[in-house]
Amino acid sequence: MASTRLSPFVGRHIGPREEEQRRMLSSLGYASLEELTKAVVPSNILDTSDIAIDDGLSEEVALAQLQKIASQNKVLRSFIGQGYYGTYTPKVIQRNVLENPAWYTAYTPYQPEISQGRLEVLFYFQTLVSELTGLAVANASLLDEGTAAAEAMTLCHRGSKGKGNRFLLSKHCHPQTKEVIYTRAKPLGIEVVEFDERAEGAEGAEGADWTNVFAILVQYPATDGRVFDYENLIRDAHSHGVLVTMATDLLALMLLRSPGSLGADVAIGNSQRFGVPLGFGGPHAAFLATTDAHKRTMPGRLVGQSIDSHGKPAYRLALQTREQHIRREKATSNICTAQALLSIMATLYACYHGPEGLRAIATRVHTLATKLYRSLTKLNLRCMSDQFFDTVSLDVGSRADEMMKAAVAAGYNLRRLSATEISVAFDETSTDDDVAKLVRIFGGQHVEAADKSLLNEKHYRTDTLLTQPVFHQYRSETEMMRYLRRLSEMDIALDRAMIPLGSCTMKLNAASELTPVTWPEFNAIHPHAPADQSLGYQAMIRELEAMLCAATGYDAISLQPNAGSQGEYAGLLAIKQYHESCGDLNRDVCLIPSSAHGTNPASAQMVNMRVVVVKCDEHGNVDIDDLKSCIAAHADRVAAIMITYPSTHGVFEGTVTTICDLVHAAGGQVYIDGANMNAVVGVAKPGKFGGDVSHLNLHKTFCIPHGGGGPGVGPVCVRSHLAPFLPKDGYNAERTGPMVSAAPFGSPSILPISWMYMKMMGAAGLRKATQVAILNANYVAHQLKDCYPILYTGNRGLVAHECILDTRVMDKEAHVTVEDIAKRLIDFGFHSPTMSFPVAGTLMIEPTESESLYELDRFCRAMKLIYAEFLKVKSGEWDAKNNPLANAPHTLDSVIGDESNRAYSRREAVCPDPETNYAVKYWPPVGRVDNVFGDRNLVCSCPPMENYQEASETIVAN
C-alpha cells in the first residue's frame, strides 16, 4: 500500500477540504477515496504500490533545495550566439505578464469572446513578424527555430505540388536547425542536400543542381555571422520553380533588408532576443511568415479579425479546425500548440521600445561588433568577413584552445566554430567594457572606434517599420502597466474562475512552482554553454526524469520534446527505429481508434506510418473484435497502436491489457498517449500494464501553466528496449535517436515547475491528487446527469477524470446548440468546457483536483440554470431566436442601452445566478464572434482599424 504521509502543500494544491471530500463521496455512495478508486480503476491495472518518490516537502524546503541545485550552474557572459542571445526583459513585462497568473494560467484562445486580450497581442505578434520579414502573413508562433524550419520545409513541399523531392540546405544554417531538418525529412522521403552558397563552381549557388529540388533554406545572417547577398540565388531558384525559405533574426531585420524584399517565399526564426530569457534553450517563440499564396496551408495558429453579433470588430483564431484536425492521417504537421506566452512577451517588448528603440538596440549591438572587428584586424588577426550584423568570426590558428580557456577565465563564453575558428556574438546586454576585455583576451590593449558600419549599403533596409499605434502608445511604464491590465481584464484565466476543459487539465499552477523560473541560475544559461557550467540543470533534470519514470512505470525518458505533439512524434520515431534495428523494415501500420485526437494520426503520417482506424463500440471503448480484424488484415506489418488512457471519452477501459497483449502478440508496440495522466498517477502505471512508450503533458498533469496557448513540454517515456532510440541531447551518450527540438532539453527553464510540484506533493500527494480529480469529475457528472446525459461511463456508471455531457437533444428539441451553452456560460463568469470533442454536439468537462467544492457547485448551478433556460425555449415561453442562450454572451453595451428588443430582463441577461455575488462581474468585451465571416474575410495583419470597421458595417448592413 502506498504511503499516506502528506506534505502541507498538498492541502494548498487540492481544492476540496477533507470534510467536503467526505460529503462528495457520500453523495456518490462511497465511504472513502480508496473505495471510489477501486470502483473506477480496473483491477487488472490498479497499482497501489509505493511510487519511488520521497515524501512531499514544504514550499520553503523545496525552494531551498532547488536553490542549492541551481547554485551549481555557472552564469557566464554569453557571446555564443547560434540563435540564442542575452536580452533584458522589461520589468513591467516580467511582473505584469510573466509573473501574472492572469496571463500565464489562461488557456488557448479557442473561445474568442473571453480571450480578446491575448488574441490582440498575438495579432500584433503576427503584425510585428510580418513587417520585419516583409512577408504578407505570419502565424501566432511555433515551438522553436529548428521545428519552424522543418515546418517551412513541409509547407514548401506542399506548395511545390509534387515538383520534386530534394531540399537544398545551406551549410551555413545553425547546426541545431540542420539536425531537426534531417529528422523531419527522413521519414517523409525528402532528400536533404547541403550546399555552400558562398563557394565557387559546382559546390556553390551558381553551380547548384536544381533537378527535382522543391525548396532551399538559407540562414540570414549566417550561423557564423556573415551577411550574404541572396538576391541572385533567390532569383535563380525562382526561375527553376524552387521556393526559398530564409531563417532570420528579428533584431537584425531592424537594420537589414527584409527576406520579403529579397524575394523569399517563407521566413522563419526565433523571437527570443525580444525580451525572452535564454533559459538553457527555451521556451522561446519561433515564427513563420510567408506570402499570401501559402496562408491557408501555413502550420500553427493564425489570429485574424472578424465581427461579433453587434458588428463590432473582434479577434479570433482563424481556420482553427485545420491541418491535423481536418486532415488527420493526411496532415503534414501535427502542431496543435504554440508559444503564446513567449510571443506575447516578445510583442510587448517591441511595443515598449517602439521601432526607434529597437533600431537603437540593433545599431548599438552592431556598433559593438564593429568595434571588436576593427580592433582585431589591427592585431593582424584574420576575421572571416567584414559583412556582419552582431557576430564576428575569426581564425586564430593553433591558439583557439588557449583563447577559449582565457575567455572562460574572464567570465565569457565564446563559440568554437572549428579547430581554428572562433566567433563572438554581441547582444542587447553587451557593453563597451565587454569589448575591451575581449580585445585583451585576443592579445590587444586598445579598442578601435566604430564611427561607420562596414556593411555594404545594399544590405540596409530603408522602409518604414511598425507605424501602428500600438508600437507607439505605451512607452511610459504607467501606460504599459495600464495597457496590460486592460488586456488581462478582457480574458478569463484560472485567476478568475474554473476552466472546466476536458482533456486539458487546467489545474493550479502554484506560485512556489513558478518562482524558480526567473532565477538567473536557470534563465540566463545558454543552451550550448560548456557542460561543466550547467551541472545544476543536469542534476535537476536527472531528478525530474527519475520521478517521472517512477510515476509512470517506464525505464527512461527524454525531456527534449517541447510539446505534446513533439512527444508523440519522438515516441513513434523510437518505435520506427526499434523495428528497423530488429530488421522489421515492413512494419508501417499504426492502429488508431476512431476517437483519437487529431495529432495521433498526424504524427503517424509524419513518420511515414500508414494509419488504420480501429472502430469504437457504443460505449466509446476500442472495439476488440474490430481490433482483431485489423491486426489479422495487416499481419506482420503492424508497427504500433496509439491509444489514450483513460480514453478520450473519459473512461477507464477494462480491456486495455487485452489491447496491449493483442498488439504485442502481433509484433507491434503500444503507444499510450499520456494526455489524461491526471487520472493515472499513483493508481496505475502505463509502463507496467502494457505500454512501451508514452508522452506526458507537463503543461497538464505536472503543473506547467498553459500560458494562453503555450509553453508546453511533452517528454517521451519508454521501456528499456526503446531507450537507445530516444532523441540525442549531447549529455547521454546512450541515446542515438534524432533530435526533435532545437535545444538539447527543449524548454528546460520551465522544468523546475514540474520538479517543484512533484517534490512538494510527494508520492502520497500525487496519488491523492489523482483520486480527488476522479472524485471531482464524478461529483460533477452526478450533479448534472439528470439534466445532461453522461455520454460514456465505465464500471458502475463512473467516469475517470472527465465526463462528456450530451447536449444534442437540446438542439433537436429547441435549437439550443452546444455553442449557445458555451457562450451562455460566459455570462455566468465561466470558460466553456471543451466543445464538440471528441463527439460533435457535446461538452467535455474536466474539473481537476484543484477546484473547491464551492466552485464545483457554482459551475453545476450554472449548468442547471442553463438547462432551465432551455426548457423555457422549448416550452415557447422564450422565442427560439430571442432568448439569453441565443444572444449570449451579453456585453455591457448590449444591456445599458435604452432601446432593446430582448424578451428577458437585464438581470436575466447578465446576472443569471441569483446565488452569486456579482460585486466582481466579468464583462465580455465582444458579443458572439462570427466564425464564418472571419474565415471568409481573413485579415492577418494590421490595416487601419477604421478601414476594417467600415467594411464590417457594410457587410452587417447587407
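Which residue stands opposite L591 in β19?

What we have here is a predicted model, so local features need pLDDT of at least 70, side-chain atom pairs count only at pLDDT 80 or more, and totals for chains, interfaces and linings use all residues. Residues are numbered from 1 along each chain as its sequence is written, and side-chain values use heavy atoms, with hydrogens and water left out.

Back to the opening question. The residue opposite L591 in β19 is I641. A word on the names: helices (H or I, at least four residues) and strands (E, at least two) are DSSP runs, numbered from the N terminus.

Let's stay with strand β17, residues 589-593. Is this strand mostly covered or uncovered? Mostly covered: five of its five residues are buried. Buried means under 20% relative accessible area, exposed means over 50%, and partly exposed is in between, using a 1.4 Å probe and protein chains only. V589, L591 and P593 point one way from the strand, while C590 and I592 point the other way.

Now for the partners of β17. Strands of a sheet pair through backbone hydrogen bonds, either parallel or antiparallel. Here, two strands count as paired if DSSP finds at least two bridges between them. β17 is joined to strand β18, residues 610-614, by five bridges, and the two run parallel. I592 has V613 as its bridge partner in β18. To get from β17 to β18, the chain passes through helix α21, residues 599-606, in a right-handed β-α-β crossover. Right-handed means that, with the strands pointing away from the viewer, the path from the first strand over the helix to the second runs clockwise. β17 also pairs with strand β19, residues 638-644, in the parallel sense over three bridges.

P593 counts as buried because its relative accessibility is 6%. Leaving out residues up to four places away in sequence, P593 touches V613, V614, C616, V622, M642 and I643, where contact means heavy atoms within 4.5 Å. P593 and N621 are 28 residues apart in sequence, and their C-alpha atoms are 8.8 Å apart in space.

For contrast, here is a sheet with antiparallel pairing: an open one of three strands, in the order β23-β25-β24. Its edge strands are β23 (803-806) and β24 (834-835), each pairing on one side only. β24 and β25 (residues 842-845) share two bridges, and M835 stands opposite L843.

Next, the cysteines. C660 counts as buried because its relative accessibility is 1%.

On to charges. A salt bridge is a side-chain nitrogen of Lys or Arg within 4 Å of a carboxyl oxygen of Asp or Glu. By this rule the count is 48. Let me show you a few. E19 and R23 meet at 3.3 Å, N to O. They are four residues apart in helix α2 (residues 18-28), which means about one helical turn separates them. E19 is partly exposed at 39%, and R23 is partly exposed at 47%.

Then there is D820 with R928, at 2.7 Å, N to O. D820 lies in helix α27 (residues 818-827) and R928 in the loop between α31 (906-910) and α32 (931-936), so this pair ties together parts 108 residues apart in sequence. Both ends are buried: D820 has a relative accessible area of 8%, and R928 is at 14%. Salt bridges can also link up, as in the network of R166, E191 and D209.

Last stop: E145, in helix α8, residues 145-159. How far away is the nearest side chain of opposite charge, R273? The distance is 9.4 Å, and E145 is buried yet has no salt bridge. For charges, Lys and Arg count as positive and Asp and Glu as negative, while His and the chain ends are not counted. Beyond its neighbours within four places in sequence, E145 has contacts including H174, T177, Q219 and N270.
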